Amino acid sequence: MRTAVYPGSFDPVTNGHLNIIERAAKLFDRVIVCVLVNCEKTPLFTLEEREKLLRSVTAHLPNVTVDSNEGLLAEYARKHHCCTIIKGLRAGSDFEKEFQMAMINRKLNPELESLFLTAEHQYMYLSSSAVKEMGLYGADLSDFLPAQIMNEFENKIKNIVNHKEEQT
Ligand code: ADP
């Protein structure tokens, strides 16, 4: 049984992420989508909310499970018998950082491969942060966010806008 782990912030999951998950699910017996706690980022959605959104958009993929992890990814992979880390590679910006992470993870766990799937052209410039910014300005995000999570995303943005208005 070949298991891959696909790590990220997924704050929130976008169609770009979902495209990578669907392609990885065809390549491996099992894919664990792992929400990572990133100390450098202040998330819009809590860890539990991000996991819930991921579960709802991957419900059609029987070999995909969702989990979260606060520790080292290389250790997580070892513990869960993952042979591969899946990464999505977007135009330009991801390469340097991902190359470095792949080197570090391989050093920490030499059994572990990193596999890079190139982003689909329509999602090449899509990121969760761009979606959040566009959301704040009321842009139509139907091409970028899975339909199942649209309501929750819009509600979260509304709460932020209302909160900001109350403070001014
Ligand atoms: P971000 O917050 O930058 O959107 P995440 O930390 O959630 O990114 O990303 C998790 C993984 O998904 C990373 O490997 C990232 O390169 C990849 N990824 C993010 N957005 C896309 C996209 N639009 N297409 C393909 N891969 C993506």
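1. In this predicted model, Glu 49 and Lys 156 form a salt bridge, their closest N and O atoms being 3.0 Å apart. The pair links distant parts of the chain, since Glu 49 belongs to helix 2 (residues 47-57) and Lys 156 to helix 6 (residues 150-167), 107 residues apart. Glu 49 is partly exposed at 26% relative accessibility, whereas Lys 156 is buried at 18%.

2. A salt bridge also joins the side chains of Lys 52 and Glu 152, at 3.3 Å from N to O. Lys 52 lies in helix 2 and Glu 152 in helix 6, so this pair ties together parts that are 100 residues apart in sequence. Glu 152 is partly exposed, with a relative accessible area of 31%.

3. Within helix 3 (residues 73-79), Glu 75 and Arg 78 are 3 residues apart, or about one helical turn, and their side chains meet in a salt bridge of 3.2 Å, N to O. Both count as partly exposed, Glu 75 at 39% and Arg 78 at 41% relative accessibility. The structure's count comes to 7 salt bridges.

4. Helix 1 (residues 15-27) has 13 residues, which should span 18 Å at 1.5 Å a residue, and its end C-alpha atoms, 19 Å apart, agree with that expectation. Thr 14 caps the N-terminal end of helix 1, with a side-chain oxygen 3.1 Å from the backbone nitrogen of Gly 16. The buried residues of helix 1 include His 17, Leu 18, Ile 20 and Ile 21.

5. The structure holds 0 disulfides. Cys 82 is in none, the nearest cysteine sulfur being that of Cys 83, 7.5 Å away, and the pair is not a disulfide because the sulfur atoms would have to be within 2.5 Å. Cys 82 is buried, with a relative accessible area of 7%.

Notes. Residues are numbered from 1 along each chain as its sequence is written. This is a predicted model: local features need pLDDT of at least 70, side-chain atom pairs count only at pLDDT 80 or more; totals for chains, interfaces and linings use all residues. Side-chain values use heavy atoms; hydrogens and water are left out. Buried means under 20% relative accessible area, exposed over 50%, partly exposed in between (1.4 Å probe, protein chains only). Helices (H or I, at least four residues) and strands (E, at least two) are DSSP runs, numbered from the N terminus. The expected span of a helix is 1.5 Å times one less than its number of residues. A polar contact is a pair of N or O atoms within 3.5 Å; within protein, one must be able to donate a hydrogen and the other to accept it, and residues adjacent in sequence count only if both atoms are side-chain atoms. A salt bridge is a side-chain nitrogen of Lys or Arg within 4 Å of a carboxyl oxygen of Asp or Glu.
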